[in-house]
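This report describes one protein chain by its secondary structure, packing and surface. Please consult the sequence and the structure shown below while reading.

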Amino acid sequence: MRDGIAVAPDLEGARLPRATAVVDARVALVSGVAVGLGLAAGFLAEGLVRLIALVTNLAFFHRLSTEFASPAGNHLGWALLPVPVAGGLLVGLMARYGSKAIRGHGIPEAMEQVLLNGSRIPARVTFLKPLSAAIAIGTGGPFGAEGPIIATGGALGSMVGQRLPMPAMERKTLLAAGAAAGMAATFGSPVAAVLLAVELLLFELRPRSVIPVALAAVTATGVRFALHGIRPIFPMVPLAPPNGLQLCVYIAVGALAGLASVGVTRALYVIEDGFERLPIHWMWWPALGGLVVGIAGMVAPRTLGVGYDNIEAILAGSLATKALLALCLAKFISWATALGSGTSGGTLAPLFTIGGALGALLGTLAAAVLPHAGVDPRMCALVGMAAIFAGAARCMLTSAVFAFEITLQPMGLMPLLGGCAAAYLLSALVMRHGIMTERLARRGVRVPAEYPADHLDQLLVRDHATRQVAAFGAGETVAAARRWLAEGHPGASHQGFPLVDAAGRPVGLIMGRDLLDPDLDPGQPLGKLVKRPVALAREDTSLREAADHMVREGVGRLPVVAPDGHLVGILTRSDLLDAHAQRLGDE
């Protein structure tokens, strides 16, 4: 037996493909570490929220307190203007002399580390990211806490993964587990957090990676519930189930929000490009962004800070049309300029505010145009805020489930799914890259957008191996093999030939070019030329396992054996490429 699979006695010395398992003991080990990450991220998220509140109280109200207070209620007057400028200056200094990785909203940077650097994030980011975010948001930055805590949780997971002896795949799992735990701890949304990790960090959907991420998210959510109780982050009056016409309106709202996400994304990168052209060091850019934040805050105080109270007011339908329009425009200008300047902050809460206000405006318009349809502007607001994030970030399922989890409105699920799907469709048709991936694409990084099942894992060696295989006996001489090649027999043009014993079992593999080596003794038996155990494949092995086995062994062909060990064929790299013809035909 080897890996739980029977092996013919005469093949005990052969090198066979590793049998793959859905989960194993390593998954249990990584899951245990992920649970610890979930606990840490739960308290880390609480600490970040308290730190933001502390900076907010110090900056706007000149008091020492960690209780949440909206900076919109300040009475600073013109003295407000230098507050976000000072915050931006501090963040710029921290980025230049601490770590440049703290700039931006964090998720694209984490994606880049996953794709290019083996999921290794510098340990200092774990401390500098939440501190810089607390300064930026606490001094009025129009960001939510979710982006920084996702980035911080991911950095924590990466740091743990670098301290423990584990490969890059497990380190990536811990990074995603920390990020998901951070999101779940902030909003009490474990399912959406797992989906976010799958769609933006893992780039795969496998039990061995999803299980640890799910356990971390659930653990972090448990910490939040223990500290704050079980209740929705943004409570709403129960929504009525939609009829057919209403559902069409809600999906249309989602589609328009998807188009808006294209404009928002492109505008953000136009602003970033504008800052890139400034003749000053990038360290000073956040201070300039803070100046715009201060001006917007004086005109529309609601744009300052995290703005979760704005989202709650939008979903409650308590803002008038003019207030919605002013909030939508001012929040966008403030957020896009600040984020484009390279300060530290997130995208989710600002996009939810902009999309929610847009959805509420569209819902009010639809209710006026179709007075008898019963369109609910609050449902439109819910769909709008989820759809704009789905279109911008290209995470359809995350957005729909997240909007449900933070409101616990079951009647919103169908409109949310339809609206987010429409937003994703239109956004992807109009714009190639989303807000998370555009920056990476500009750096030449290719980000996976689809996670299909492994085609080779669904196919077996027996159906794709070459059955007409030319083999030599291990006792044959070099001279006999050369004569056979010179006579031009079928298969003589092959590059490699299995060597078999008297019972027809492979004992080695010899290359045609080696047979032509003039230094070989013509009378030498071929079996004497074998320098290593033969690498084989069983008939019931998947093509994925066989391909991986080729890579590990450094060979381009594998003799294929029946269960009793007899040679029945040979699998080459060309056979693996030919196996993709079916996939291309299906597509």
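In strand β3, P506 is the bridge partner of V500. The model is a predicted one, in which local features require pLDDT of at least 70 and side-chain atom pairs count only at pLDDT 80 or more, while totals for chains, interfaces and linings use all residues. Residues are numbered from 1 along each chain as its sequence is written, and side-chain values use heavy atoms, with hydrogens and water left out.

Strands β2 (residues 496–500) and β3 (residues 506–511) run antiparallel and are joined by 5 bridges. Two strands are said to pair if DSSP finds at least two bridges between them. The two strands form a hairpin with 5 residues between them, and G504 in the turn has a positive phi of about 85°. Strands pair through backbone hydrogen bonds, either parallel or antiparallel.

## Chain overview

The chain has 22 helices and 6 strands; helices (H or I, at least four residues) and strands (E, at least two) are DSSP runs, numbered from the N terminus. Along the principal axes, the C-alpha atoms fill a box of roughly 100 × 60 × 50 Å.

Of the 587 residues, 55% count as buried, where buried means under 20% relative accessible area, exposed over 50%, and partly exposed in between (1.4 Å probe, protein chains only). The accessible surface comes to about 24700 Å², of which 63% belongs to carbon and sulfur atoms; these areas come from the Shrake-Rupley method with a 1.4 Å probe, and for residues only the protein chains shown count as cover. Among contacts (heavy atoms within 4.5 Å) with a separation of 6 or more, residues 24 or more positions apart account for 75%.

## Helix α12 and its surroundings

Helix α12 (residues 321–340) has 20 residues and reaches 28 Å from its first C-alpha to its last, close to the 28 Å expected at 1.5 Å a residue. The expected span is 1.5 Å times one less than the number of residues. Just after α12, G342 takes a positive phi of about 90°.

The buried residues of α12 include L324, L327, C328, K331 and W335. The buried part of α12 packs against α9 (244–276), α10 (285–299), α11 (308–316) and α13 (348–369).

## Cysteines

The structure holds 0 disulfides, a disulfide being a pair of cysteine sulfur atoms within 2.5 Å. For C328, which is in no disulfide, the nearest cysteine sulfur is that of C380, 14 Å away. C328 is buried, with a relative accessible area of 11%.

C380 is likewise in no disulfide, and the nearest cysteine sulfur, that of C248, is 12 Å away. C380 is buried, with a relative accessible area of 0%.

## T173 in helix α6

T173 is found in helix α6 (residues 168–187). T173 counts as buried because its relative accessible area is 4%. Leaving aside neighbours within four places in sequence, T173 is in contact with V30, L202, R208, S209, P212 and V213.

UniProt, in an unreviewed entry, lists residues 530–587 as "domain: CBS". The end C-alpha atoms of residues 530–587 lie 43 Å apart, and the span is 41% helix and 22% strand.

An open sheet of 3 strands has the order β4-β5-β6, with mixed pairing. Its edge strands, β4 (537–538) and β6 (567–572), each pair on one side only. Strand β4 runs parallel to strand β5 (residues 557–561), and 2 bridges join them. In β5, V560 is the bridge partner of A537.

How values were computed: UniProt positions renumbered as here; feature names shortened; annotations may be inferred.
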